[in-house]
Amino acid sequence: MTATASTDVQPDPAGTGRLDSVELAGFGYRQELRRSMGRYASFAAGFSFISVLTTVFQFFAFGFSFGGAAFFWTWPVVLVGQLLVAACFGELAARYPLSGAVYQWSTRLSTPVFGWFAGWIMVIGQMVVVAAAALALQVVLPAIWSGFQLVGGDPSPASASGAANAALLAVVLLVLTTAVNLLDNRVMSAVNRIGVTAEIIGAVLIVVLLFTHADRGPGVTLHTGGQGGAIGALLVGSFTAAYVLIGFDSAGELSEETRAPRRTAPRTILLALASAGVLGGLLLLGGLLAAPSLTDGRLGTEGLSYVLTSTLGDGVGRALLADVVVAIAVATLAIQTSGSRMLFSMARDGVLPASGPLSKVSPRTGMPTGPALVVGAAAAALCLLNLASPDAFLAIGTTCIAMLYLAYVMVTGPMLLRRLRGTYTPPSAPGLDETGNPLFSLGRWGLPVNVLAVLYGAAMTINLAWPRGPVYDPAGGHWYFQWFTVLFLAATAGAGALWLGVRARRGSTLPTLTR
């Protein structure tokens, strides 16, 4: 793809989407996906990927068990760091409103090979995130009704029976989300919007109820009380925030299905992250203040589900947990959709195995069916690892975070190099968005924000991938779980290098995309 796309867009106040299609053609692509998403749908895409109810309920117990109540303070640190990354992404979303955002951005900022690896790591990471999100059902469903515990009697994800049951529930959910992803993008978008609305209402209600049932003051967050030293405990405790506050780039992933994406996507990327960050932080704090006990061990194993049912009563608690189930289902759907668009974008450039079928868009549904099936099947296979050991639950969760953080650095890193070399042109001059206003730009803050985004992203990637035995293999005897993230990253990079080597021997080169 060597066509040149201008950043100077003629206004489209009617929001017809016709000029969006013309702009897409300027990048060398045809408008195949249905451009039917508005601002709220774009916001919902990013918010549902983050899904504070899904991820906070899933990882609250883990964060508390290692960092104690003080793990709350890792939340604002991670939120600020991710807002720096999101601000950089906002500039790129305005400049390159394309599906497969991380792949497209990294390739145009660096080289075809480097950008390809960024997309490859991102799409594999998204498949792992889908699996991790689907596994979250185990944290909630058995707490609503014991009949959802189909295997054994212990519902804890850390137990053998809980891990096996989590795998079964996750596979059932993935079948359902794959079916929705094959229907129609308007159906998918409608389900997403309704689910996000229900999640926001439920999250606000939970926060209000937790704060009105508080048993202690916020001063409790100044005590770690977790495992190990304070610094090490908080570094591990930060996994909760790191796992929750990812996926905000989904608004960029769906740019080719969004009306006026140059104006819409940058704002919805930041809004989704900021709103999820505020709600999630309040959920963490409310859970710590309202928990019946911080010392009986249940908060470190059962997490927020224990707080809701114990503090609010079984009736109200279970009703609110039902809303969490909706959030988990919608999050799994949104993440699968985002991963599907990444696969589609790379396949469209002919840079993946089976690019032909993976790049086809159904004229009836406006959806790429092949990528949806591949992402769903791969996620289901990863979920089945939970049958082998309960340690797989944490290994899968931390691996997906580390992969996404690494992919993000592979965008912000080249972006910083181009700024330092003076070859990065801020998209605000002379570009205009679809309404005739200047494109989103960081202006003079671009360089310091970019520097901090790279430093933060690199530090968190190392923190997440570090092979800590007490974290990844607490029972011992499973060295491969301790090194799971490192091994999975190495295997992903090795498989990618092998594929590029095969292409090179066949005489195929990667396309040079528009810069």
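Is R419 buried or exposed? R419 is buried, at a relative accessible area of 15%; buried means under 20% relative accessible area, exposed over 50% and partly exposed in between, with a 1.4 Å probe and protein chains only.

This is a predicted model, in which local features need pLDDT of at least 70 and side-chain atom pairs count only at pLDDT 80 or more, while totals for chains, interfaces and linings use all residues. Residues are numbered from 1 along each chain as its sequence is written, and side-chain values use heavy atoms, with hydrogens and water left out.

1. The R419 salt bridge. R419 pairs with E91 through their side chains, at 2.7 Å from N to O. A salt bridge here is a side-chain nitrogen of Lys or Arg within 4 Å of a carboxyl oxygen of Asp or Glu. E91 sits in helix α4 (residues 74-95) and R419 in helix α17 (residues 391-421), so the pair ties together parts that are 328 residues apart in sequence. Helices are DSSP runs of H or I with at least four residues, strands are runs of E with at least two, and both are numbered from the N terminus. E91 is buried too, with a relative accessible area of 1%.

2. Other salt bridges. The structure holds ten salt bridges. One of them joins the side chains of R186 and D184 at 3.2 Å, N to O. D184 is buried at 10% relative accessibility, whereas R186 is partly exposed at 48%. These two residues and R34 are linked in a network of salt bridges.

3. A pair within α14. D314 forms a salt bridge with R318, and their closest N and O atoms are 4.0 Å apart. Both residues lie in helix α14, four residues apart, or about one turn of the helix. D314 is partly exposed, with a relative accessible area of 44%, and R318 is partly exposed at 36%.

4. Helices α13 and α14. The axes of α13 (residues 303-311) and α14 (residues 314-348) come within 6 Å and cross at roughly 145°. Axes are lines fitted to C-alpha atoms, for helices over the stretch in contact, and angles run from 0 to 180 degrees between N-to-C directions. From α13, S305, L308 and T309 meet D314, G317, L320 and L321 of α14; contact means heavy atoms within 4.5 Å. The contact residues divide into three nonpolar, three polar and one charged. Ala, Val, Leu, Ile, Met, Phe, Trp, Tyr, Cys and Pro count as nonpolar, Asp, Glu, Lys and Arg as charged, and the others, Gly among them, as polar.

5. Helix α7. Seven of the eight residues of α7 (residues 137-144) are buried, so this helix is largely enclosed by the rest of the structure. The buried residues are L137, Q138, V139, V140, L141, P142 and I144. They pack against α3 (52-67), α6 (112-135), α8 (160-183), α13 and α14.

6. The largest pocket. Its lining has 34 residues, with S156, P157, A158, T301 and E302 nearest the centre. On a 1 Å grid over the protein atoms alone, a pocket is an open set of points where a 1.4 Å probe fits, with protein on both sides within 12 Å along at least five of seven lines; lining residues have an atom within 4 Å of a point. Elements giving two or more residues to the lining are α3, α7, α13, α17 and α19 (469-472). The largest share, seven residues, comes from α3. By type, the lining divides into 18 nonpolar, 13 polar and three charged residues.
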